[in-house]
Amino acid sequence: MNVTPAVAVVTPYTVAPGLMDALQVTILVLVAIAATAVVLTRVPVRQAIVLSVYGILLAVLFLAFQAPDVTLSELTVGAVALPILLLLTLAKVKRPPARGRPPRTPRDQEREK
Amino acid sequence: MTPRQRRWLFLAAMACLAVFLIWGLAGLPGFGNYPGPYGDIINRIAVSQTNATAVVSAINFEYRGFDTVGEEFILFVAAAGVATVLRRLRGEREGPARDEAPGRGLQPTSEAVRAVALALTGPTVVMGWYLASHAQTSPSGGFQGGVVLGTAFVLVYLAGQFLAFERISPVDVTDAVEAVGAGGFAAVGITAVIMGLPYLQNFLPLGTIPGAVSSSGTIALISFFVGVEVAAAFVLIVGELLDQTLLVREGSG
């Protein structure tokens, strides 16, 4: 493999490489925790909110890995747009019908047998 | 199939998957190591070739502009699909907005949410346009800017009522704006063809200063059209869902 040695560019914003590694590992662990939390949250409304937090953490992860374009996309789509769409959908499907009995789900029919 | 058999089938499938996954992961290049030639070449030539200092935008809207047209139309078709699925069906009727009906059981929006949403609406619009119009200079672009712009409309809903959201985004207008955004992107490409160039070839003057807002030719123009399209698509989808949640009920009365 042909690997060119990395040239150290020193700017006023340069941090020690160890510090950057620590930041990246920290945020990776946080994202893993948040992802697990999303899966383990059982109430859909809460899950949408936890998903939003996960989206923000993922955006920070992309920033820590120097991908600001993806950060912006993840921030707008993962942390804002997706939870909004989920919450609206949940609001729609949770509402009981105006009159009459609620529609029977396949599970209801199975229970009645 | 009994639960027991199902469990064994699952475990066997998982074991196979795990073997292939580990095999694949072991063959990956080292962390942060980029073996291919194209990234290095692009990094060397992109700024001088396009006068765009944001190389990611240069790739999205120029070198791989054709891919982005496809993505653009995926979103366009998705929005059209949502609008079709969520149209008012036979046996459904629209009532007065649920957050307005007298004696409603819903919690009123808290004053804190309304105040924050109201205060954020203006800055969000500015941020959205800034992102959509500066793809050529800094990390941003039409997709991000468009969603941020769309979020401003949602903030108006949070700050006011559904009627306010509907008044500022009538479906006919949103539809038309979305079509203009999607069509504008394709038209930029076709204009190049009419001028005898390859599809989506950059035919506008590139400007003299890399990183100036007026530089980079069609990259800035395409980003603008993408921003318009994405914002309209987002507002359309959210509007359809709000419609369904707040207005449409069962029954034909």
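Author: Two residues are in contact if their C-beta atoms, placed from the backbone, lie within 7 Å. The model is a predicted one: local features need pLDDT of at least 70, side-chain atom pairs count only at pLDDT 80 or more, and totals for chains, interfaces and linings use all residues. Residues are numbered from 1 along each chain as its sequence is written, while chains are lettered from A and ligands numbered from 1 in the order in which they are written.

Reader: On the side of chain A that touches chain B, how many residues are nonpolar?

Author: Chain A puts 19 residues into the contact and chain B puts in 23. For the classes, Ala, Val, Leu, Ile, Met, Phe, Trp, Tyr, Cys and Pro count as nonpolar, Asp, Glu, Lys and Arg as charged, and the others, Gly among them, as polar. On chain A's side, three residues are polar, three are charged, and the nonpolar ones number 13.

Reader: OK, chain A itself: in what order do its elements run from the N terminus?

Author: Helices (H or I, at least four residues) and strands (E, at least two) are DSSP runs, numbered from the N terminus. Chain A has four helices and zero strands. Its order is α-α-α-α.

Reader: And what percentage of chain A's residues count as buried?

Author: A residue is buried if 20 or more other C-beta atoms lie within 10 Å of its own, exposed if 12 or fewer, and partly exposed in between, with C-beta atoms placed from the backbone. Chain A has 113 residues, and the buried share is 15%.

Reader: Leaving aside its neighbours within four places in sequence, which residues is B:F234 in contact with?

Author: B:F234 is in helix α9 (residues 218-246) of chain B. This Phe counts as buried because it has 28 C-beta neighbours inside 10 Å. Setting aside neighbours within four places in sequence, its contacts are A:A81, B:G146, B:V147 and B:G150.

Reader: How do α8(B) and α9(B) lie relative to each other, roughly parallel or roughly antiparallel?

Author: Axes are lines fitted to C-alpha atoms, for helices over the stretch in contact, and angles run from 0 to 180 degrees between N-to-C directions. The two axes come within 8 Å and cross at roughly 150°. Angles under 35 degrees count as roughly parallel, over 145 as roughly antiparallel, 65 to 115 as roughly perpendicular and the rest as oblique. So α8(B) and α9(B) are roughly antiparallel.

Reader: How many charged residues are in the contact of α8(B) with α9(B)?

Author: Among the α8(B) residues that meet α9(B) are B:D175, B:E178 and B:F185, and the α9(B) side includes B:E229 and B:A233. By class, the contact has 15 nonpolar residues, five polar ones, and charged residues numbering three.

Reader: And α5(B) against α9(B): which residues of α9(B) does α5(B) meet?

Author: The axes of α5(B) and α9(B) come within 8 Å and cross at roughly 140°. That angle is why the pair is oblique. From α5(B) come B:G128, B:A132 and B:S133, and from α9(B) come B:S223, B:F224, B:G227 and B:A231.

Reader: How far is B:A152 from B:G122, C-alpha to C-alpha?

Author: B:A152 lies in helix α6 of chain B. It counts as buried because of its 22 C-beta neighbours inside 10 Å. B:A152 and B:G122 are 30 residues apart along the chain, and their C-alpha atoms are separated by 7.7 Å.

Reader: What is the phi of B:S216?

Author: Most residues other than glycine have a negative phi. B:S216 is in the loop between α8 and α9 of chain B, and it counts as buried because it has 31 C-beta neighbours inside 10 Å. Although B:S216 is not a glycine, its phi is positive, at about 80°.
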